[in-house]
Amino acid sequence: MTKKATDSAGTGRFYFGREIAAVTAHAGGAEWMEKRDRDNAELPDRLVANLDLKPTDAVADIGAGTGYLTFRIADEVPYGRVYAVDIQPEMLSAISDIVDSLSVTNVHPVLGSAKSPNLPVNSTNVAVMVASYHEFFYPWEMMHSIFDSLKPGGRLILIEYRGEDETIELSPLHKLTRDQARKEMEAIGFTLKASREILPQQHFLEFQKPFE
Ligand SMILES: C[S@@+](CC[C@H](N)C(=O)[O-])C[C@H]1O[C@@H](n2cnc3c(N)ncnc32)[C@H](O)[C@@H]1O
């Protein structure tokens, strides 16, 4: 359903009763993604430690942006790979520059579309979405495609700023409540496996694709 956007962060498009946020553009947004106080405010190393990755895992970082989490994840899967997926070529170009300058061999930039991460079926063990899901313009199509790209029993980690916390100074459209996230993921076929409140501002929700 499309209505008039409620604020400048909105798109006017609604899904399960919430308004989908506008995409964080590379121009302006890239600076936010790399701002130094994120390390203290969001504890990215704790986030990655809790992904519980195996060294051989294939991980999709969907909505990778400038790679703020991508390269931390890559360190955890030395014998696996990270697909860094984004719909903005400028983001992938920023990631490719880091890949080249650091000679990283296990990060693979992938240009996604608004409806699909363009990953092969049954190709990944874990999909990670950090502050990106609320921007998916076609969440139903995207999530079905992500579901298909996961191997049976594969895990989906959803990180979003807590919609329940009014003290977090962000537009409500850039946050998500736990109940809303659960409702939307269960509609796709995922099961909530764990909900870990280990991050200062964000939910850490772990979902799973059934084994069969
Ligand atoms: C707020 S940024 C977060 C980037 C990164 N995860 C981080 O934490 O720094 C959201 C990113 O999601 C991307 N995005 C939005 N919709 C997408 C989609 N359908 N598929 C892939 N990426 C998408 C945007 O282009 C943007 O780079």
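Which polar side-chain atom lies 2.8 Å from an oxygen atom of the ligand? One such atom belongs to Gln 88. I count a polar contact as a pair of N or O atoms within 3.5 Å.

Before the rest, the ground rules. This is a predicted model, where local features need pLDDT of at least 70 and side-chain atom pairs count only at pLDDT 80 or more, while totals for chains, interfaces and linings use all residues. Residues are numbered from 1 along each chain as its sequence is written, and side-chain values use heavy atoms, with hydrogens and water left out.

The shell has 21 residues, and the closest include Asp 86 and Val 130; a residue is in the shell if one of its heavy atoms lies within 4 Å of the ligand. By class, twelve are nonpolar, six polar and three charged. Here Ala, Val, Leu, Ile, Met, Phe, Trp, Tyr, Cys and Pro count as nonpolar, Asp, Glu, Lys and Arg as charged, and the others, Gly among them, as polar.

Last, a hairpin. Strands β9 (residues 191-196) and β10 (residues 202-208) run antiparallel, joined by five bridges; pairing takes at least two DSSP bridges, and a strand is a DSSP run of E, at least two residues. Five residues link β9 to β10, and Ser 195 stands opposite Leu 205 in β10.

Conventions: Helices (H or I, at least four residues) and strands (E, at least two) are DSSP runs, numbered from the N terminus. A polar contact is a pair of N or O atoms within 3.5 Å; within protein, one must be able to donate a hydrogen and the other to accept it, and residues adjacent in sequence count only if both atoms are side-chain atoms.
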